[in-house]
Amino acid sequence: MTDLTITALAKSYPDQNVLDGVDLEVPASTLTAVLGPSGCGKTTLLRLVAGFDRPDSGTITIGPSTVTGDGSWIPAHRRQIGYVAQEGSLFPHLTVAANISFGLPRRERRNQIRLAELLDLVGLDPALRTRYPHQLSGGQQQRVALARALAPKPRVVLLDEPFSALDTALREGTRRAVVAALTATGTTTILVTHDQAEALSLANQVAVMRHGQLIQTGTPTDLYRRPADLELAGFLGSTVILPATITDTIAQTVLGAVPVRRPCPGGSDSVMIRPEQLALAPPEPGAPAAHVTAVTFYGPDAVVDLKLPGTTTITARVPSHQAPEVGTETGVTVHGTATAYPSRVEHLRPAGAHST
């Protein structure tokens, strides 16, 4: 299987610096999600890996071959890379079978066994082979696009926001089918997305981009529980930020003593916890209580807005059947550990740093 290494990659245009020294290791047979908001440079990164554009500097290595940098340049059609665009980009005048077979070498395009294997791999009914793209659902079109990309057995597959155009009902099933197919073939994959839930649920590794740099790379669990800075914490999900005085691995907060995941120098700092870590129960005598100011129902769970003694307001996410009534008082306890952030800016990690 093939791994992919990106080192010190940079790309700029006359009016914009798009990528600034990007380093990324994509292990063989894994899926890495490059996550970031629009305009952060993630699609440019994908185009450079594909060979559609040339970087200003840096290297890209696929397996043992340097495809960009150090005096090397291998054009896109020789990189053995499969590419799936946001809209699938199927040929409208070709059937499903012809679209998939188009990705095969010319001598194999009549291979019906290989076609049947690919249809089965992406979870498509063989009866669809004679249909045209306009006769398929959006999810089916994306599966055909993936089958076409996998047909020539590429070393790497690149997915550029492949699910963003699908409605909610189709998106989850298509995601599962695509990831299952990639896992079954052991294909090294980069997925570009702006959807945090998509990145965290699908990828083995997540790399977060901001302003052309990789801010943090790690497993989904690492990033969600130990984000490099508070801005990244908020980007990955809802947060509860509390002032704290930290001694060794214990933070004293308005919610009491909370253990922290990584030691910080003593003093006044902030801690971050996730709303789902807060548990609500009837207040104990003598313990501070929170006033319930709002409850938003989401079906299986509910978001509860709370006002603590003083001016602090926080949000908890609880199972909906446990949601308190607006206007009541509730006790609040923290489950698990928090992540501590010193007040100084030194806590920010250099671009490309890995979580630990």
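Guide: Let us start with a definition: accessible areas come from the Shrake-Rupley method with a 1.4 Å probe, and for residues only the protein chains shown count as cover. By that method the chain exposes about 16,700 Å², and carbon and sulfur atoms supply 53% of it. The model is predicted, so local features need pLDDT of at least 70 and side-chain atom pairs count only at pLDDT 80 or more, while totals for chains, interfaces and linings use all residues. Residues are numbered from 1 along each chain as its sequence is written, and side-chain values use heavy atoms, with hydrogens and water left out.

Visitor: How many helices and strands are there in the chain?

Guide: Helices (H or I, at least four residues) and strands (E, at least two) are DSSP runs, numbered from the N terminus. Here the chain has eight helices and 21 strands. Its C-alpha atoms fill a box of roughly 80 × 50 × 35 Å, taken along the principal axes.

Visitor: What percentage of the residues of the chain count as buried?

Guide: Buried means under 20% relative accessible area, exposed means over 50%, and partly exposed is in between (1.4 Å probe, protein chains only). Of the 356 residues of the chain, 46% count as buried. For contacts, the rule is heavy atoms within 4.5 Å. Among contacts in the chain with a separation of 6 or more, 66% come from residues 24 or more positions apart.

Visitor: Let us take a single residue. Is Leu-24 buried or exposed?

Guide: Leu-24 is buried, at a relative accessible area of 3%. You will find Leu-24 in strand E2, residues 16–26. Leaving aside residues up to four places away in sequence, Leu-24 touches Leu-4, Thr-5, Ile-6, Thr-32, Val-34, Gln-205, Ala-207, Leu-214 and Thr-217. One of these, Thr-5, is 19 residues from Leu-24 along the chain, and their C-alpha atoms are separated by 5.9 Å.

Visitor: Now for a helix. Why is H4 described as largely enclosed by the rest of the structure?

Guide: Ten of the 13 residues of H4 are buried, so the helix is largely enclosed by the rest of the structure. Among the buried residues are Gly-139, Gln-142, Arg-143 and Leu-150. The buried residues of H4 pack against strand E7 (81–84), helix H2 (96–102), helix H3 (112–121), strand E8 (156–160) and helix H5 (168–185).

Visitor: What is the volume of the largest pocket, and which residues lie nearest its centre?

Guide: On a 1 Å grid over the protein atoms alone, a cavity is a set of points where a 1.4 Å probe fits but cannot get out; a pocket is an open set with protein on both sides within 12 Å along at least five of seven lines, and lining residues have an atom within 4 Å of a point. Points are joined across faces, edges and corners, and a volume is the space filled by probe spheres set on them. The largest pocket has a volume of about 290 Å³. Its lining has 13 residues, with Ile-81, Gly-103, Arg-148, Ala-149 and Pro-152 nearest the centre. E7 gives the most to this lining, with three residues.

Visitor: Which residues lie nearest the centre of the second largest pocket?

Guide: They are Ala-287, Pro-288, Gly-331, Val-332 and Thr-333, out of 17 lining residues. The second largest pocket holds about 250 Å³ of space, and E20 gives the most to its lining, with three residues.

Visitor: And which residues line the largest cavity?

Guide: Val-84, Gln-142, Leu-146, Leu-159, Pro-162, Phe-163 and Val-178 line the largest cavity, which has a volume of about 30 Å³.
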